[in-house]
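Please read them with the structure open.

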Amino acid sequence: MKIVLLVLEAGLRDLTRNRWIVAYGLCFLLLAEGLFWFGGTGPQVALSLLNIVLMIVPLVALVFGTIHMYASREFVELLLAQPVPRPQLFAGLFLGLALPLSGAFAVGAGIPFAWHAGAGTGGGALLALFTAGIALSVAFSAIATWIALSTEDRLKGVGLSLGVWLASTIVYDGLVLAAAAAFADYPLEKPLLGLMLANPVDLARMLVLTQLDVSALMGYTGALFERTFGTGLGTSIAVATLAAWCAVPLALAARRFQRRDF
Amino acid sequence: MISANGLRKKFAALEVLDDVSLDVRPGAVTALVGPNGSGKTTFIKIVLGLTRADAGSFSVDGHLADAAGAYRRHIGYMPQAARFPENLKVKDVLALIRALRPDAPRDEELVSAFGLAAEMDKAVGTLSGGTRQKVNAAIAFLFRPSLLILDEPTAGLDPVASGILKEKIRQVRAEGRSVLITSHILAELEELADDVAFLCDGRLRFAGTVAALLERTGQTRLEPAIAALMRIEGARRSALVEPATTTGWPTPAPEAL
């Protein structure tokens, strides 16, 4: 445990002084404050911010995470040459990436909401928005870590990260929509629900939209999700599946780190 | 201090280490030499536990390798190129490494000899390559380990720093600890090495004292002796690939250093 904290502390020290992380946090601060500035009410700001979070958080976690893990390679080798067990080193390294990323988002987007005292946003909606942002940060940093540990070629690794981002944020929705249109004559509810659970970005969107009470914006799958499970159960399922989206890539990355040759 | 027995490692189809058994004596500097791709780095990484051998075993100072890596408390490692997290200060890096080995005896001599006190508050990312290498060297010697593994230690160091490091290596040897060095600068190995281990294509082709190597190759200095070893290996290798020359590819000439 002590080793985890030591490595984590070094990671925090490094990344809180990293200009990209600082810029990333500032970007959320300016966006949220700007949305309030232009006269948005709390729920409107939360909704606009959600759409940005769903694009930006996975992108930054994937690309920055992959590049950071590659850049840490020599340092990791030096740490591995110390009398330290690998699992603890991995935990420290991963938290040293995921915490600054989640923190930059939470602090950057949190300050304007705190400043305006929520501005009429429901507690549930705020909780959902920040849970979604942090869960996406953790899930996609875990995927980035896994990619960086599994792909020797750095360029290929970063390319793979961009591919995952494109697939989960842009291509996936398009494919779901195309599938819904193409098979409109068939009962699609169950397969579509399955497709939704299979994408953390969709899950995060669902989680926040059900809390914001703007079902009209939820789209086909979202409406279906709420109708099938209801708000309470739907939220629990979304949270549990998001947690699985953090845990599974993390377990894969940890296993890779444990077994790989450096 | 290292006792390696039948180490084997394969990457895909390539046999990187093929049944390597090597003993590194205490109180001696052992030069690990060989052409590029001969398996030197893989050997070092296996001893450090960075890479796992497919077969064979090794011990360091009598301690068998264990999964938790406790045997590494007896090793100080200086990698070829040091890279630390850019925004950490020099003192943060040293503090982290010290905290990871809280019970080990300390040897801060290189920290002061290299004048690192003046660099403590600088971010690692702003340091010159040479200063980073000094930090790297200071870390390796920080805990009085019984085995030092130095990978191209003087690359990037200025002559003064390089002299300090060599002096430190001699001191470690005099204390009965052992040093394993890889370097392509043979003149430097000539100054320091007591023993030579020569790897080629993953096989240990020679292991013994410098005197034994000189006698075997009929040379008077280490540099031409190693060059002679490489030539012998090169000739043997091109003899082995002879049939392939019928395809029209030129046989690579055995290169002298």
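1. Start with the core. This is a predicted model, and its largest nonpolar core has 153 residues. Those with the most contacts inside this core are Ala204(A), Val208(A), Ile2(B), Ala138(B) and Ile149(B). Helix 6 of chain A (residues 123-150) gives the most to the core, with 18 residues.

2. Take Ile149(B) from that list. Leaving aside residues up to four places away in sequence, Ile149(B) touches Ile44(B), Val47(B), Leu48(B), Ile75(B), Tyr77(B) and Leu180(B). As general background, nonpolar side chains tend to be buried together in soluble globular proteins.

3. Next, the sheet. Chain B holds an open sheet of six strands, in the order 6-7-8-3-9-10, with mixed pairing. Strand 6 (75-78) and strand 10 (203-209) of chain B are at the edges. Each has a single partner strand, so one side of each lacks a neighbour in the sheet. From one strand to the next, the twist averages 15°.

4. How do strand 3 and strand 8 of chain B run? They are parallel, and four bridges join strand 3 (residues 29-33) to strand 8 (residues 178-182) of chain B. Leu32(B) stands opposite Thr182(B), which is in strand 8 of chain B.

5. Two helices to check against the sheet. Helix 4 of chain B (residues 129-140) packs on the sheet and touches strand 6 and strand 7 (147-151) of chain B. The direction of helix 4 of chain B makes about 170° with that of strand 6 of chain B. Helix 7 of chain B (residues 210-217) also packs on the sheet, touching strand 9 (195-200) and strand 10 of chain B. Here the angle between the directions of helix 7 and strand 10 of chain B is about 115°.

6. Now the interface. In chain A, 20 residues are in contact with 27 residues of chain B. Helix 1 (2-15) and helix 4 (73-80) of chain A each supply at least two residues of the chain A side. That side divides into eleven nonpolar, three polar and six charged residues.

7. Tyr172(A) sits in helix 7 of chain A (residues 154-182). Not counting residues up to four places away in sequence, Tyr172(A) touches Ala167(A) and Asn199(A). Asp153(A) is 19 residues from Tyr172(A) in sequence, and 26 Å in space, C-alpha to C-alpha.

8. Last, confidence. Chain A has a mean pLDDT of 89, with 95% of its residues at 70 or more. Among the elements of chain A, helix 5 (residues 86-115) has the highest mean pLDDT (95) and helix 8 (residues 189-197) the lowest (80).

How values were computed:
Residues numbered from 1 in each chain as written. Chains lettered and ligands numbered in written order. pLDDT = per-residue confidence, 0-100. Contact = placed C-beta atoms within 7 Å. Nonpolar A, V, L, I, M, F, W, Y, C, P; charged D, E, K, R; others polar. Core = buried A, V, L, I, M, F, W, Y, C linked by C-beta atoms within 7 Å. Buried ≥ 20, exposed ≤ 12 C-beta atoms within 10 Å, placed from the backbone. Pairing = 2+ DSSP bridges. Axes fitted to C-alpha atoms, helices over the stretch in contact; angles between N-to-C directions.
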